[in-house]
Amino acid sequence: MRQAVMTAPGEIEYREVETPVPDEREVLIRVRNIGVCGSDVHVYHGVHPFTSYPVVQGHEVSGEVESVGGSVQRFSTGEKVTFVPQLVCGKCYPCRHGMHHVCDSLKVMGFQAPGAAQDYFAVPEDLTIKLPDEMSFEHGAMIEPMAVAVHALGRAGDIADRRVLVLGAGPIGNLVAQCARGLGAAAVMITDLSDVRLNRARECGIACTVNALHEDLGTAVGRHFGPDKADVILECVGVEEAIADAITVARKGSDIIVVGVFGSKPAVDLSLVQDRELNLHGSLMYQHHDYTKAIELVNGGAVSLDALITDTFAFDRYHEAYRHIEESADRSLKVMIEL
Ligand SMILES: [Zn+2]
Ligand SMILES: [Zn+2]
C-alpha cells in the first residue's frame, strides 16, 4: 500500500509498505479522507515544537472498516468510522481521573506517533468511532476538529441560552461558533481581521461577524449582546492581541476559554481577571464524548461543513495541498486529502 512520509520539513516521500495486519483488538481502516490542519502545516514548516521527522501525518480521518481483529466486538467490515488519535499511558494523574486527553505522556497520532497518511491504518478498537452510514467521508474527517470545538465550549459548561463571542474565524473558530449555535446559544458573534474568513462564517450561518480592524470590539459587543455583554468568550487565534481583547471586553464573571495555541508568551492584564472574577479555562483536544456530540451535531444538520471545505487534493498531491495552503493564505480553510 501507499504511505506518505514527511522525512523533513517540506519533504514528502511516497513509500510502498506492507498493508498492516490488525492485531486482536485492532480495527483496520481503509482510509478515505484526511483533513489538513494548522498543526500539520506547522510540522510541514518545521515549527511544530513536539514533532520529529520522519513522521506520517493524518489525524483528521474518515474511512471504512476493512477488517477487524479476533476479539473486536463493536465493528464489522464496511462500516464508516473515524478515530480518536490519542495514545495515552493510563497510569498518570490525568489518566486516573478521567482526563486521558491531557495524559502526562500523551502521544498524538500524526505528530508523536504515526498517523494515517496511507491506504490502510490499524487503530485500537477503543479509539475507533462509528460514523452514521449517511455521513459523507468528507464530513467524517471533520469530526475531529468538530470535537475540538465541542470540547472547548464544554469547558464553560452548558452553552444553551448564553451569549458566545468567538475571536478568530479560522477553521476552529468557525466550528466553535457553529457548534455554539447548534448547542443552543442565545447569540453568537465571531470576529477576525479577514473579511474572507468572516464571509465564510456568514455562509456557514453565523450572521453576526465583526472585522476587528474596522470596528471597536467593545462597541460591537455592546451593540450585539447588550449591556450584559458576552457570557462566554473563546480565543481561537493564539496571539496576544486576541487574548488581551477577550479579557478587556469580558464582563464580570465571564468565562474565557483559551483554544488558540500561542507561539510566544502573551502579556495580558491579569488584574482584570482578578477584579472581574473572570473564569479562565484552557482547552486541549477532546474526550470521547466530544466525538459523540460532534457526530450528533453534524448528523442533525446543526452545522454546515461544506463551505468550510475549500479544497480537495488527491493523496499523491499532498505537496500541492501544502503549497496551495501557503499561497492562498486566508482563502483556504479546510483542505482535504482524498484517497
Ligand atoms: Zn487537526
Ligand atoms: Zn496518562
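Between domain 1 and domain 2, two residue pairs are in polar contact, both at pLDDT 80 or more. A polar contact here is a pair of N or O atoms within 3.5 Å; within protein, one must be able to donate a hydrogen and the other to accept it, and residues adjacent in sequence count only if both atoms are side-chain atoms.

Before I go on, some housekeeping. This is a predicted model, where local features need pLDDT of at least 70 and side-chain atom pairs count only at pLDDT 80 or more, while totals for chains, interfaces and linings use all residues. Residues are numbered from 1 along each chain as its sequence is written, chains are lettered from A and ligands numbered from 1 in the order in which they are written, and side-chain values use heavy atoms, leaving out hydrogens and water.

Now the domains. Domain 1 covers 2-142 + 308-338, and domain 2 covers 149-282; these bounds come from an automatic or database domain assignment. Their centres, taken over C-alpha atoms, are 28 Å apart. Eight residues of domain 1 and 12 residues of domain 2 make the contact, meaning heavy atoms within 4.5 Å.

How much area do the two domains bury between them? About 800 Å², with 69% of it on carbon and sulfur atoms. Buried area is the accessible area (1.4 Å probe) that two parts lose on being put together, summed over both. On the domain 1 side, Leu 308, Asp 330 and Leu 333 supply 67% of the area buried against domain 2, more than any other three residues.

The rule asks for a side-chain nitrogen of Lys or Arg within 4 Å of a carboxyl oxygen of Asp or Glu. The whole structure has 13 of them. One joins the side chains of Arg 2 and Asp 119, at 2.9 Å from N to O. Arg 2 lies in strand β1 (residues 2-8) and Asp 119 in the loop between β7 (107-108) and β8 (120-124), so this pair ties together parts 117 residues apart in sequence. Helices (H or I, at least four residues) and strands (E, at least two) are DSSP runs, numbered from the N terminus.

Next, the metal. Which residues coordinate the zinc ion (ligand 1)? They are Cys 37 (SG), His 59 (NE2) and Glu 60 (OE), at 2.1 to 2.4 Å. Donors are N, O and S atoms within 2.8 Å of the metal (3.2 Å for Na, K and Ca); water is not among the atoms, so sites may look incomplete. The donor spacing in sequence is C-x21-H-E.

Last, some backbone details. The peptide bond from Tyr 53 to Pro 54 is cis, with omega near 0°, and Pro 54 sits in the loop between α1 and β4. Glu 277 is not a glycine, yet has a positive phi of about 45°.
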